[in-house]
Amino acid sequence: MILLILTILVAILNLISKKSFNDREKMSPFECGFDPKNSARLPFSLHFFLIAIIFAIFDVELTLFLPLVLLTKSLSSSKLLFCLGMFTVILLLGLFHEWSQGALTWVS
């Protein structure tokens, strides 16, 4: 008896709570301005991707500089400056290579 009442209540609840999938909000563009009816595969700028990767590399290298502060007690200042300098030179050589290859130019 209880199972029958619960089944009837669930069926009534499903009929009452059905929402239309074709309402105005569902068919309109989202707040960001993208049209949901168009293709989801939009062309992506490769230059923007490369700039984002370069930013991430330089952001990560800042976190790699932090352990050098702890090494100031155990290393001499000349060895510490040599490590810091070599690390910076390697990063700058990579940046100049990207620049010479034309990866940093926005207009092609």
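This is a predicted model: local features need pLDDT of at least 70, side-chain atom pairs count only at pLDDT 80 or more; totals for chains, interfaces and linings use all residues.
The secondary structure of the protein consists of 4 helices and 0 strands. Read from the N terminus, the elements follow the order α-α-α-α. Among contacts with a separation of 6 or more, 50% join residues 24 or more positions apart.

Helix H3 covers residues 46-70. Its length can be checked against its residue count. At 1.5 Å a residue, the 25 residues of H3 should span 36 Å. The end C-alpha atoms of H3 are 38 Å apart, which agrees with that expectation. Helix H4 covers residues 77-100. H4 has 24 residues, and 34 Å is expected at 1.5 Å a residue. From its first C-alpha to its last, H4 reaches 34 Å. Just after H4, Gly102 takes a positive phi of about 85°.

Three residues of H3, namely Ile54, Glu61 and Leu68, are buried. Helix H4 is included in what covers the buried residues of H3. An α-helix has 3.6 residues a turn, so residues three or four places apart point the same way.

The packing of the two helices was then examined. H3 and H4 meet at an angle of about 175°, and their axes lie 12 Å apart. Angles over 145 degrees count as roughly antiparallel, so H3 is roughly antiparallel to H4. On the H3 side, the contact is made by Ile54, Ile57, Phe58, Glu61, Leu64, Phe65 and Leu68. On the H4 side, Leu80, Leu84, Phe87, Thr88, Leu91, Leu95 and Glu98 take part. By class, the residues of this contact are 11 nonpolar, 1 polar and 2 charged. The buried residues Ile54, Glu61 and Leu68 are among the contact residues of H3.

In the model, residues 80-99 are 100% helix and 0% strand. The end C-alpha atoms of residues 80-99 lie 29 Å apart.

Note on methods: Residues are numbered from 1 along each chain as its sequence is written. Side-chain values use heavy atoms; hydrogens and water are left out. The expected span of a helix is 1.5 Å times one less than its number of residues. Buried means under 20% relative accessible area, exposed over 50%, partly exposed in between (1.4 Å probe, protein chains only). Contact means heavy atoms within 4.5 Å. Axes are lines fitted to C-alpha atoms, for helices over the stretch in contact, and angles run from 0 to 180 degrees between N-to-C directions. Angles under 35 degrees count as roughly parallel, over 145 as roughly antiparallel, 65 to 115 as roughly perpendicular and the rest as oblique. Ala, Val, Leu, Ile, Met, Phe, Trp, Tyr, Cys and Pro count as nonpolar, Asp, Glu, Lys and Arg as charged, and the others, Gly among them, as polar.
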